[in-house]
Amino acid sequence: MTNSDKRVYIFDTTLRDGAQTQGVNFTLHDKMLIAGMLDELAVDYIEGGFPGANPTDDELFAKPPVLKNSSLVAFGMTRRAGVSADNDPGLRATINSRAGHACLVAKSWDKQIEQLMGITLDENLAMIQSSIKLLLANKKSEIMLDAEHFFDGFLSNEEYAMRVIATALDAGARWVVLCDTRGAMLPHDIEKIISAVGKKFDLTKIGIHAHNDGDCAVANSLAAVRLGVRQVQGTLNGLGERCGNANILSLMADLHFKMKMDIGPAQHNLHLLTRVSRQLDELLARAPNPHLPFVGTNAFAHKGGLHGAAVMKDAASYEHISPESVGNERVMVMSDQSGKSNLRWHLQQLHLTLPSEEENLLLANIKDAEFNGLSFDGAEASLDIFIKRHLRQMNEFFSLSSCDINYQNQDGESHTTASATISVDGKKIVKEAVGNGPVNALDAAMRQALVEHFPQLAGVQLVDYKVRIIPPSQEYQGTAALTRVMIESTDGQKNWTTVGVSSNIIAASESALTDAYRYYLMKQ
């Protein structure tokens, strides 16, 4: 296989197909930011949206983002039945868009064409042909056809599904993209059908668009590439309708690192994958999925003692690629399942070396703390503080001398106020604030007090708050149980998590909150 045979083109459809995700509503500003992120990754094609479908997409294509590395694609539909291509308003919107390329969608499943669209199979082919020719005549440099429901159509009527491909290519389409629209196919289905397509058509002109309803979107896309398909479509973090689309970040990493394919300029930017993944979640105000391959916070996390020991000797024993190659980092989780190797890794991060006896004592104390309700799994900031306190090396910076929280409910309206007394270098500062609940109010009061001495804390924000009830034994459950609070904070660049445990939810929250600020000051 030559280098040119290995070239695979990356087509991102986050701004169009990803926008169909339940709960996702991109503004024009959002779309511009995401397009910039994709351009920095240097994907080959960015599908910007559907001109003529909504004002947001109309404005994007009227004043498109300036792209340095990627090409903008406008999505559209083939002409309607009974209307000439010249007179179809949808095609006219695609033509008038300032995108250099266009991707049209057309049915390729005979059942849907005849039963849902109510037209003949030949009319559908005529619609494909005339639409592509019109776009080419109007200076769209590359035309792509999304053959919707192709795999279902192939199983229903193989001969007709093949005619859809032939019609599009004969009309001048650069790419015909085969869509597993229902996400129903398994890799062996893809291999069987793509092999049949490859006997009749040049697979370097064929793409794959896989949905994830069967949890096989990435696997199906890679199977198609292995057989010769040379364009893959997907979305950032696998966004998309129902169960989503193929995750374009996983596809890029697998194609480059595992299959040794040439993905063009994007292969030099794979160290940005983790950052882009988390930027998207931040834009959507969603908590990142820690279990995402390659880019999740748990993708290179090691908890078991045996695993930790092996990774310390040879990272490749449990890591399929280096975390740094995709912009991620290794995490050695400390818990009651962990051993000395996990602890030593954390000590190294703190630039500490301890005698073996001290290591044993520290490890025992960590496991005792876990037994008593603390959880350092996912709260590495609290672990660092715990280690420093154990070694009597922790600068506490401040103390919360007292706090008072007042909740009132009058005429159906609730109000929460909190006052906090902070001691710094022997000086006491008292502040009061109103919040959306007791923890938010306490946070606001503490922040007001702390920024007078530590102005850098003004940029620290609480981004997630989780509570879990932990029964200390079978005898004491419900309201008698311990409460574990985990707080995630950010300074806009990096996130960290702290944990607090108490039988009182406010006390647990106070512990996690104060340590969140202490950790930031410690790192500063």
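Buried means under 20% relative accessible area, exposed means over 50%, and partly exposed is what falls in between. With that in hand, here are some views of this predicted model.

**View 1. The whole chain, before we zoom in.** The protein chain has 17 helices and 16 strands. Its C-alpha atoms fill a box of roughly 85 × 60 × 50 Å along the principal axes. Of the 524 residues, 51% are buried. If you look at contacts between residues at least 6 apart in sequence, 66% of them join residues at least 24 apart.

View 2. I505 sits in helix α17, which covers residues 505–523. Is I505 buried, partly exposed or exposed? Its relative accessibility is 37%, so I505 counts as partly exposed.

**View 3. F371, out in the open.** F371 belongs to helix α14, residues 356–371. With a relative accessible area of 73%, F371 is exposed. Now find H209: F371 and H209 are 162 residues apart along the chain, and 48 Å separates their C-alpha atoms.

**View 4. Charges across the chain.** Let's turn to the charged side chains. The protein chain carries 49 positive and 62 negative ones, and the centres of the two sets lie 4 Å apart. Side chains of opposite charge can pair when their charged atoms come close. How many salt bridges does the structure hold? There are 25 salt bridges. The next views pick out a few.

**View 5. Two strands joined by K107 and E148.** K107 and E148 form a salt bridge, with 3.0 Å between the closest N and O atoms. K107 is in strand β4 (residues 101–107) and E148 is in strand β5 (residues 142–148), so this pair ties together parts that are 41 residues apart in sequence. E148 has a relative accessibility of 22%, so it counts as partly exposed.

**View 6. Two loops meet at K494 and E329.** The side chains of K494 and E329 come together in a salt bridge, 3.6 Å from N to O. This pair links distant parts of the chain, 165 residues apart: K494 is in the loop between β15 (482–490) and β16 (495–502), while E329 is in the loop between α12 (305–313) and β10 (331–332). K494 has a relative accessible area of 47%, which makes it partly exposed. E329, at 44% relative accessibility, is also partly exposed.

View 7. The salt bridge between R344 and E359 has its closest N and O atoms 3.0 Å apart. E359, at 6%, counts as buried.

**View 8. Four charged residues in one network.** To finish, look for R16, D17, E47 and D146. These four are linked in a network of salt bridges.

Conventions
Residues numbered from 1 in each chain as written. Predicted model: local features only at pLDDT ≥ 70, side-chain atom pairs only at ≥ 80, totals over all residues. Heavy atoms only, no water. Helix = DSSP H or I, 4+ residues; strand = E, 2+ residues; numbered from the N terminus. Buried < 20%, exposed > 50% of the residue type's maximum accessible area, 1.4 Å probe, protein only. Contact = heavy atoms within 4.5 Å. Lys, Arg positive; Asp, Glu negative; His and termini not counted. Charge placed at Lys NZ, Arg CZ, Asp CG, Glu CD.
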